[in-house]
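Here are my notes on this one, point by point. Have the model open while you read.

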Amino acid sequence: MREVAFIKQNKEKWLEFEQAIFGKSKKNPDELASLYIHLVNDLAYAQTYYAKSKTVVYLNHLASQTYQKIYKTKREDTNRLVYFFKTEVPLLVYEYRRYILYAFIIFILLTSIGVVSAKNDDSFVRVILGDHYVNMTLENIKDGNPVAVYKSGSNWGSFVGITLNNLKVGALSYLFGIFLGIGTFWVLLQNCIMLGSFQTFFYQQGVFWESVRGIWIHGSMEIFAMVIEAGAGFALGASILFPKTFSRFNSFKIGFKNTFKIFLSTMPFTLIAGFLEGFITRYSIDMPKVLSVGIILTTLGIISFYYLIYPFIVNKKLKAKNVSII
């Protein structure tokens, strides 16, 4: 059967799927399950005969959304929060994995620009960080504690202030994606240039590893979460730029609904990073090296596993149930 004829034959049925999924009509779980079986059959047929066409992309998306709607409706004994972090977010991260990859690539490139700029221009760090911060840090280095700045203020005050600021930066990074991803790029640019020049400054002062032991106790989760938020922002912008088979407005609605969940998932990691910065980082110079390095590797390992490995595990389980996430 020609693809055009296949689409014409099943168009009305697929529109019914869309209405059921996106709230235009109400279906009970049994009806959804019946529709889902037909949809999976259509998807299998399309994958066999039109493997590289937009029809497969469209049906893939409908199949994944239909499955999630059925699963959510039937999981009466499952805690909503557990489902959100255990299944829903990993599936969305897998679906938008390309944008998270783009965010990591851009992060590395922009941070490298900060490193090169600071290395080749002695005044660059002062332009980025300010004279007061640089002079204070130089004094701290002379006193034997390069990261003494983290000892300023009370534990709780630091925790609250730092966490609120990090949440604000993350929200801006994500929400500015609405400007076709340009706003997200701008927020990432500012933070990456600062990070690159900041670490290069410590390297030039001969206290690089001392700074790493302190900064990355909280920085592993803080910076990683920032990149994930940027990936969500790029995906939000892409939903406007590339609507695929949906109208631009409907594509944006779907994109916002999905990427906002990814953004929300970063908040616990941002809170943990704020706690570590407020309560633990200030003692980094005094704690055993093995402990500080252990904290860094543990926090980095947890967030890396959740966003880079676990989504593939969840997707693999779904594939066994005949659902393919794009």
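1. Helices α8 and α11 are roughly antiparallel, because their packing angle of about 155° is over the cut-off (under 35 degrees counts as roughly parallel, over 145 as roughly antiparallel, 65 to 115 as roughly perpendicular, the rest as oblique). α8 covers residues 155-175 and α11 residues 248-265, with axes 11 Å apart. Axes are lines fitted to C-alpha atoms, for helices over the stretch in contact, and angles run from 0 to 180 degrees between N-to-C directions. Helices are DSSP runs (H or I, at least four residues), numbered from the N terminus. The crossing of α8 past α11 is right-handed, meaning the near helix is turned clockwise from the far one by less than a right angle. On the α8 side the contact (heavy atoms within 4.5 Å) uses Gly 170, Ala 171, Tyr 174 and Leu 175, and on the α11 side Phe 256, Thr 259, Phe 260 and Phe 263. That is six nonpolar, two polar and no charged residues; Ala, Val, Leu, Ile, Met, Phe, Trp, Tyr, Cys and Pro count as nonpolar, Asp, Glu, Lys and Arg as charged, and the others, Gly among them, as polar.

2. A word on provenance: this is a predicted model, where local features need pLDDT of at least 70 and side-chain atom pairs pLDDT 80 or more, while totals for chains, interfaces and linings use all residues. Residues are numbered from 1 along each chain as its sequence is written, and side-chain values use heavy atoms, leaving out hydrogens and water.

3. α11 and α12 (residues 267-279) are roughly parallel, with axes that come within 4 Å and cross at roughly 20°. Here Phe 263, Leu 264 and Ser 265 of α11 meet Met 267, Pro 268 and Phe 269 of α12. The tally is five nonpolar, one polar and no charged.

4. α12 also packs on α10 (residues 208-241), with axes within 8 Å and a crossing of roughly 155°. The two are roughly antiparallel, and the crossing is left-handed. The α10 residues in contact include His 218, Glu 222 and Glu 229, and among those of α12 is Glu 277. By class, this contact has seven nonpolar, two polar and three charged residues.

5. Tyr 94 and Phe 312 have centres 5.0 Å apart and planes at 85°, so they are edge-to-face. Tyr 94 sits in α4 (residues 80-95) and Phe 312 in α13 (residues 289-319), so the pair ties together parts 218 residues apart in sequence.

6. Mean chain pLDDT (the predictor's confidence in each residue, from 0 to 100) is 86, and 90% of residues reach 70 or more. Residues 322-326 fall below 50, yet this stretch has 26 contacts beyond near neighbours in sequence.

Note on methods. Rings of Phe, Tyr and Trp (its six-membered ring) pair if their centres lie within 6.5 Å; planes under 30 degrees apart count as stacked, over 60 as edge-to-face and the rest as tilted.
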